Amino acid sequence: MITAEQVMEQAILLGSGVEEGQKPLLLAFCQCAMADLTARLKPGLDPEECEGFSTACSMMALAALGETENVPESFTVGEISLHPGKRNAASECLRNQAEMMMAPWTAGRFLFQGV
C-alpha cells in the first residue's frame, strides 16, 4: 500500500528546496493528491497497479506547495508588465506532467474553462 509519507519522501527528493517548516503542508498536499488521483482511476484499478502513481502524486503535491509561495499579482521590468496570476509556470508544468503520467489509468475529467 502506498502511503502519504512515502509520497512525501519522494516529493522531498524531487523538490530539493522543501524546507522543514513546509513538511506538514506538503504531507497534507500529498494526501489530497493521492485522494484526487485515486478517485479518478478507471473502475477496478488500485493505485498500486498504476506505474508512476506515487511520482504523479509527489509532483501534484509539489505543484500545490509551489502555488502557496508568494507570487506577486503583477510586476514590471523596464517597459514590460507581467501578470502571472495565481499559478506559477513551474507548478502548472508539474501538474500537467503528473496528469499526462496518469492518463492511461484515469477515466478523464470534464471541466469548464472560461474564455
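Q: How many disulfides does the structure hold?
A: The model is a predicted one. A disulfide needs two cysteine sulfur atoms within 2.5 Å. The sulfur of C30 is 7.8 Å from the closest cysteine sulfur, which is too far for a bond. The number of disulfides in the structure is 0.

Q: Which cysteine holds the sulfur closest to that of C30?
A: A disulfide is a covalent bond between the sulfur atoms of two cysteines. For C30 the closest cysteine sulfur is 7.8 Å away, too far for such a bond, and belongs to C57.

Q: Is C30 buried or exposed?
A: The term buried applies under 20% relative accessible area. C30 has a relative accessible area of 0%, so C30 is buried.

Q: How many salt bridges does the count come to?
A: Side chains of opposite charge can pair when their charged atoms come close. The rule asks for a side-chain nitrogen of Lys or Arg within 4 Å of a carboxyl oxygen of Asp or Glu. By this rule the count of salt bridges is 4.

Q: How far apart are the closest N and O atoms of R40 and D36?
A: R40 has a relative accessible area of 12% and is buried, while D36 counts as partly exposed at 25%. The two form a salt bridge, and their closest N and O atoms are apart by 3.2 Å.

Q: Which residue is linked with D36 and R40 in a network of salt bridges?
A: R40 forms a salt bridge with D36. The network of salt bridges that links these two also takes in E99.

Q: How many residues apart in sequence are the parts that R95 and E67 tie together?
A: The side chains of R95 and E67 meet in a salt bridge, with N to O at 2.9 Å. R95 lies in helix α4 (residues 89-102) and E67 in helix α3 (residues 53-67), so the pair ties together parts whose separation in sequence is 28 residues.

How values were computed:
Residues numbered from 1 in each chain as written. Predicted model: local features only at pLDDT ≥ 70, side-chain atom pairs only at ≥ 80, totals over all residues. Heavy atoms only, no water. Buried < 20%, exposed > 50% of the residue type's maximum accessible area, 1.4 Å probe, protein only. Helix = DSSP H or I, 4+ residues; strand = E, 2+ residues; numbered from the N terminus.
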